[in-house]
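Here is a friendly note to read alongside the structure. Please keep the view open as you go through the points.

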Amino acid sequence: MTIARIASPLVLGALLGLVAFIVFGPLLNLAMWAFAEQWFYPNRLPTGWGFSFWERVFRPRAGAWTSLFNTVLVACAAVALSMALAIPAGYALARQALPARSVIMLLFLLPQAFPNLPIFVNIAAIFYQWGLNGTLVGVVLVHALPGLVYAVWIATATFSAVDRSLEEAARNLGASPLRSFTDITLPQALPGLLAASIFVFLDSIDEFTGTFFVGAPEITTLPLLMFNASMGGNYQVAAITALILLIPSVGFMLVIERFLKADVLSRVGR
Amino acid sequence: MSTEALTLNNVTVDLGRQRILDDIHLDVSPGSFTCLLGPSGCGKTTLLRAIAGFTPLSRGEIRLGRRALTHLPPEKRETAMVFQSYALWPHMSVEENLGYPLKLRGVTRTERRRKVAEMLARLELSGFEERAVTKLSGGQRQRIALGRALIIDPPLLLLDEPLSNLDAAIRRSLRSELRRLQKSLGITTIMVTHDQEEALQMADQIVLMRAGHVVQVSTPQTLYQQPADLGAARFLGVDNTVTRTPQDPMGESGAVTFGFRTRDAHLDAPPCPQALIRKGRVTECVYTGDGYHVLIDTHDAELFATSATPVAPGTFAALQVPESALIPFGPDDRHLPPLDRHEDIA
Ligand SMILES: Nc1ncnc2c1ncn2[C@@H]1O[C@H](COP(=O)(O)OP(=O)(O)OP(=O)(O)O)[C@@H](O)[C@H]1O
Ligand SMILES: [Mg+2]
């Protein structure tokens, strides 16, 4: 008993340390690479530190700024597009009788069960015919596709959880179907819809395969930039790009978190 | 204040392949209080939802005053409903909940404020404007839901078991409060309940339902004293039935069966010629506060009676029911003489 009492904090501490190392170890390595001027094989740590690679990455013609801009633009557009489709689709599905809903949702997941490389190759072939290859629109579409599946799933679950009688009360007191949807249903579903947006955004931020087949070489996003740098053996540039990649992700999450907090807090007291 | 009559003609509802309501006729006079009473699953909520426009009719017609509601969407019907779960909008404050129906009707902000404050005063909840509806007690929620329905001066108020989520003491006080409010507004009201005591106390007119049919429409007094058939009688607390024998009173009525309530059957009453008498062995004696309930095993049936003093099980006893308390039923279990299903209520 006493041994367990003494040992358990130690075990817990060690476990937490291990988890922290697994989660943050690679990040630490990344951070070191970002500031390493010189780091050759036998050395455990870089032998020279500095910012010269940062300067190289942010040189006007290096493309980091354009890629960052493209990445954020594409992610925002992908969120807008997939939510614009997922909200009505999720609502319609949520109001279906249960067996029909399950079947449709399962069908919807089917493309995801497929290995996605052949799918992207096919999409690239189709987009090529439509002249969408190498355009931002094409990249947005290819990013919205996987996002859409999850967004519809989450939106359906969210809308199903909204108490139907809340809408009926609004209709009963004079609200049109659209009005009761925007005034009652949508605010109730907001946390779930925001969660779906985060999902699509983060998915788009580091999407690689689709962008590679549809966008490259005209459209470069940060993951593509990073890939090119890594393939060229330029770990410093790859690491710096990876760190830049954190900016939109963290920024988006902070914005959403502010929304969520206000909304969730107002419901905790229920 | 516009208050209107409601008429249901031939109303039939099917959900899936099941017939939930079958050929319902009902007249509700303006300003009256009608209770839909019946056992669980008999279709009370479905009927209320059909009137509000949430359940489509397979057949039939619903009229409110001169308007035909049958094909109108819910938002055009002006039938204010209080849901069993209250359905208050959790993302809105008390003021926003009460003000929303007014907002939909284009009432200005200041006017909304004034009307909401007025309604809160009427509900004895003044000063609750900013309160989150999630931070209200059950009774307060019930009143806000009622206020939200009444704030648009609707011609018809629909209540789905508005009191059944509350505990007994609050329920009793809200019954009279609700009835007082309804009378002062003079609004035509239909309330669903499965509590016969509630219906008897509150209603001008009770609609007794069973398995999607209307069994009887009458005043509380008539319903209580002359239930249309044996099933209705059982639902209204007639817990004893006996087969008539030649010695029993009311021979000219043609009754085959008599029903009576336990409280009308006495063990210790002085013998009287105009009464039904049954003898048997006492099998159980339970204290009820007012006296004792005694279960007596006659060879015909097991009957309940009341007694002022305890009776030892195993002894023989005779119960006596005065003629006035006997409810006669014919061979088809229907009340004798046959009653008009839809009694006229002035
Ligand atoms: N959406 C539906 N689809 C099919 N059947 C339904 C549906 N809703 C209700 N029913 C059935 O209709 C019948 C009447 O239901 P309703 O809710 O009107 O009963 P109720 O009298 O209000 O009962 P309670 O007192 O329990 O609320 C029940 O048998 C129920 O199973
Ligand atoms: Mg019900």
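1. In this predicted model, B:Arg175 and B:Glu198 form a salt bridge, with their closest N and O atoms 3.7 Å apart. The term means a side-chain nitrogen of Lys or Arg within 4 Å of a carboxyl oxygen of Asp or Glu. B:Arg175 sits in helix α5 (residues 168–185) of chain B and B:Glu198 in helix α6 (residues 196–202) of chain B, so the pair ties together parts that are 23 residues apart in sequence. Helices here are DSSP runs of H or I with at least four residues, numbered from the N terminus.

2. Are B:Arg175 and B:Glu198 buried or exposed? Both are buried, where buried means under 20% relative accessible area, exposed over 50%, and partly exposed in between (1.4 Å probe, protein chains only). Salt bridges with shared partners join B:Arg175, B:Asp195, B:Glu197 and B:Glu198 into one network.

3. Have a look at B:Arg19 too. Its side chain meets that of B:Asp14 in a salt bridge at 2.9 Å, N to O, and that of B:Asp22 in another at 3.8 Å. B:Arg19 is partly exposed at 41% relative accessibility, as are B:Asp14 at 28% and B:Asp22 at 23%. Over all chains, the count comes to 17 salt bridges.

4. Next, ligand 1. The residues around ligand 1, meaning those with a heavy atom within 4 Å of it, include B:Leu15, B:Ile20, B:Lys44, B:Glu161 and B:His194. The shell divides into three nonpolar, six polar and two charged residues. Its largest share, three residues, comes from helix α1 (residues 44–52) of chain B.

5. For side-chain N or O atoms, an oxygen atom of the ligand is 2.6 Å from B:Thr45 and 2.5 Å from B:Thr46. Taken alone, ligand 1 exposes 640 Å², and the protein buries 59% of that (Shrake-Rupley method, 1.4 Å probe).

6. Finally, chain A. A nonpolar surface patch of about 710 Å² is made by residues including A:Leu18, A:Phe21, A:Phe24 and A:Leu27. Patch residues have over 30% relative accessible area and no salt bridge; like charges are joined within 9 Å, and nonpolar side chains (Val, Leu, Ile, Met, Phe, Trp, Tyr) within 5 Å. A:Leu18 belongs to helix α1 (residues 2–34) of chain A.

7. A word on conventions. Residues are numbered from 1 along each chain as its sequence is written, while chains are lettered from A and ligands numbered from 1 in the order in which they are written. Local features need pLDDT of at least 70 and side-chain atom pairs count only at pLDDT 80 or more, whereas totals for chains, interfaces and linings use all residues; side-chain values use heavy atoms, leaving out hydrogens and water.

How values were computed: Polar contact = N/O pair within 3.5 Å; in protein donor to acceptor, adjacent residues only side chain to side chain. Helix = DSSP H or I, 4+ residues; strand = E, 2+ residues; numbered from the N terminus. Nonpolar A, V, L, I, M, F, W, Y, C, P; charged D, E, K, R; others polar.
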